[in-house]
Amino acid sequence: MLKDVIRAIDYSDCAEIALALFCVAFALMTYATMRLSRRATHRFASIPLSDTPEDPRDATKE
Amino acid sequence: MATAEALANDTNLDAGQPASAYSTPRMESFSYDDDICRKFAVATLLWALVGTAAGLLVALLMVLPTMFSGLQWLSFGRLRPLHTNAAIFAFAGNAVFAAVYYSTQRLCKCRMWSDVLSRLHFWGWQAIIVAAAVTLPFGITQGKEYAELEWPIDLAIAVVWLGFFGVNFFMTLVNRRERHMYVALWFYIATIVTVTVLHVFNNLVVPMGLWKSYSVYAGVQDAFMQWWYGHNAVAFFLTTPFLGLMYYFLPKAADRPVFSYKLSILHFWSLVFIYIWAGPHHLHYTALPEWATTLGMLFSVMLWMPSWGGMINGLLTLRGAWQKVATDPVLKFFVVGITFYGMATFEGPMLSVKSVNGLSHYTDWTIAHVHSGALGWNGMMSFGMLYWLAPRLFQTRLWSQKLASAHFWIGTIGILLYIVPIYIAGLTQGLMWREMDETGQLKYPDFVEVMPYVLPMWWIRVLAGTLFVGGVVLMVINYFMTWLSRPAEYQEPVFQAPALEKKTLPREQPKPTSLDNAPVLGFGKWFAGWQQMAWHRQWERLPVKFTVLVTVAVVVASLFEIIPTFLIRGNVPTIASVQPYTPLELAGRDIYVAEGCYNCHSQMVRPMVAETKRYGEYSKPGEFVYDHPFQWGSRRIGPDLARQGGKYSSYWHWTHLDNPQAVNEASVMPSFKHLLETEIDFKKVTDRVIAAHRLGAPYDEELENAPEMARLQAEAIAADIVSQGAPVSRNGVMVLDSQGVALIAYLQRLGVDYFKPAPAEPAGAEPSDTEGQPAKSPEADEAESTASKESDTTSLVSRL
């Protein structure tokens, strides 16, 4: 039975499904990224600039 | 500092967090473990010297193939994997580890989770590299590019990579003191997860003793898995960790934040989503199903944009700091490194386009592309990082800025001097191989006719390699002198910082929206909250969930290609006349793999006029069903061997193995005379047959009488060779007992089964799902005719 199922699959669809999956996921991530506020991105981008944990950037310490 | 109220109003940070969600944090003291960074930095430098020097050696062997007089341990086929492994896993690998250990601690504001695991990782990885350096020259190899190391070393890699490095890294993330995981850490997560998946699944083998194993995959499937691994090793070992390095060390060196954090996020997710699909572009026009290569090409082309997004993000990080670039060698290295990243990631998608690939594949063009990435991107980024780290790790000034600048210029000129002539050589090869004369015949039918045109380019490469190695030597001197001026005892600053709350944070609530009190469906209100993306912000600070999501992205993408390739039988139609190798041919195949013949010879005739005219009928998927591992190769320093069987007499092969230049003066093949002077261990042939049987080869009598059958075939071939003028023995080894005979048996078998009549099926047997036996072309008839005339082996094969 498994053999029949496997044979019945039109594997050429895989490429199209894969492309659709990618487009959906990518669009979602792009949208999520664009929603990030300027203040947040500035703070995140500044993380590597300081080795000292004077400002651990935990929300509780702000 | 922002107030809690202000934060609560910022939906993209910790919006909706009630102040009560956090308790008063406990202060903790800690210091960074820089000793482990020093170890990895020094190891990077030493392996850079070894890896590039090995590269220079193999470059020399290409122009002076007789340099070592046929000494087997120093042949091109054995040393080239040593060079690639040293460059990738030793040099680039240690650079990655130095970067990860230094930056992770600072981005997480905590020490690595376990000092013991850090050191086990360091010494374990160095031991693996030493094991590779010892085994590869001895011909101990799995015969798959960039995955040559045998199974015990592969097991060690898995333990060290995931058990020591991965566990230590992820536990550090779990125990970090910085809530947000900076984007460099995302790249490290993707690296650790994906390399583990790639390494494990590409190296599934059936062991035969301690130092020999056979891939569980065969032919087409093995090729697919290999390039799924090979391409993504480039992606997730040589790209993502170096991007993490770039996103940490470039802002540090320029003393300004990355140009666009949003772009870095998009860069990350794009690479994770796209890269994993692209592997099949390495197999255009091969026996891999076309749908897979088309999919690989499509995703490869899509890679261009995010890659350039990353490059632009890197270069624009230096906005307002370009005056520093003129004086700071670190930034110089970074700028050139990122520029080469842009070049290589433009060229990669271009090379994946089928029409371009048809010209470039198997030529030196690929080699130039690879070195543009490896030397330009990985090399320059590593050197820049090491120069930036030197004064910080050794707590003293860099010994000589001038020497660092000299290294930069010598290295940059070395890279350009390398890639430009090799691009020319690649184009020359591609164009000459396909050029036709006015009668429609190959203008350069003999493969070696291209050699006089490319040899000058290869000589320039030797000069370029000398320059690049010279630059590394300068850096070694600079590092050593800096180390000499270190303080008697390193200072280890102790920091204090509050721990992050261990308890699970309450799920972020989206801020009120204009739809809350509007007369709309509940779905609309839910969507208005959902689209604020607070859920995504949560992912970015939950390392376990983040890691799981990256793994899912990588695995799902892989399965979309792997499942059809493995389960749909129509992808690899069987050919009734293709039969398993004889015991002697199996032994010969092992020698072919051990000598690294795949480093110079492909076994894949592409369906192109120039190829079929030069080599014969194009290769079919069903011809490789007994090939564990596949040996399609990826470049042609010598001609393709897919239809080698019967093309020349066994005596010709014997003479050619002994002294290739005696057969063809322009040949750049080294002598394999040691094969003519080393005996086969016929007793071990049985184990080899059993291993092949376990992997699906339908053996019967061979399981019982493998040594006798092998000896019988060897006698026939030896008789043929001796009858044409070869001595009966050489240095006390009879021709019939020599390894050369086994290799010749294998070579004489290559590509001949396709032209044989299919064996009669027993009455009443169910018809098999086979590819129709082809109408024979004149070339095929000729090949078969030559085979029957010139080689007793072929007829013996039929009997066996």
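Predicted model: local features only at pLDDT ≥ 70, side-chain atom pairs only at ≥ 80, totals over all residues.

Mentor: B:I128 is buried, because 22 other C-beta atoms lie within 10 Å of its own, and the cut-off for a buried residue is 20 or more. B:I128 sits in helix 4 of chain B, which covers residues 115-135. With neighbours up to four places away in sequence left aside, B:I128 is in contact with B:I153, B:A156, B:I157 and B:V160.

Chain B has 800 residues, and 54% of them are buried. Its secondary structure amounts to 30 helices and six strands. If we take the contacts in chain B between residues at least 6 apart in sequence, 83% of them join residues at least 24 apart.

Not counting residues up to four places away in sequence, B:V272 touches B:A190, B:V550, B:A553 and B:V554. Two of the helices to look at here are helix 6 of chain B, residues 183-202, and helix 20 of chain B, residues 543-567. Their axes come within 10 Å and cross at roughly 45°. Helix 6 of chain B and helix 20 of chain B are therefore oblique to each other, and their crossing is right-handed. On the side of helix 6 of chain B, the contact is made by B:I189, B:A190, B:V193, B:T194 and B:V197. On the side of helix 20 of chain B, it is made by B:F546, B:T547, B:V550, B:T551, B:V554 and B:V555. Sorted by class, this contact between helix 6 of chain B and helix 20 of chain B has eight nonpolar residues, three polar ones and no charged ones.

Helix 6 of chain B also packs with helix 7 of chain B, residues 219-237. Here the angle is about 160° and the axes are 10 Å apart. Helix 6 of chain B and helix 7 of chain B are therefore roughly antiparallel to each other, and their crossing is left-handed. From helix 6 of chain B, the residues that take part are B:A190, B:T191, B:T194, B:V195, B:L198, B:F201 and B:N202. They meet B:M225, B:Q226, B:Y229, B:N232, B:A233, B:F236 and B:F237 of helix 7 of chain B. By class, this contact between helix 6 of chain B and helix 7 of chain B has nine nonpolar, five polar and no charged residues.

Last, the other chain. Chain A has 62 residues, of which 21% count as buried. Chain A has three helices and zero strands, and its elements run α-α-α from the N terminus on.

Terms used. Residues numbered from 1 in each chain as written. Chains lettered and ligands numbered in written order. Helix = DSSP H or I, 4+ residues; strand = E, 2+ residues; numbered from the N terminus. Buried ≥ 20, exposed ≤ 12 C-beta atoms within 10 Å, placed from the backbone. Contact = placed C-beta atoms within 7 Å. Axes fitted to C-alpha atoms, helices over the stretch in contact; angles between N-to-C directions. Parallel < 35°, antiparallel > 145°, perpendicular 65-115°, else oblique. Left-handed = near helix turned anticlockwise from the far one by under 90°. Nonpolar A, V, L, I, M, F, W, Y, C, P; charged D, E, K, R; others polar.
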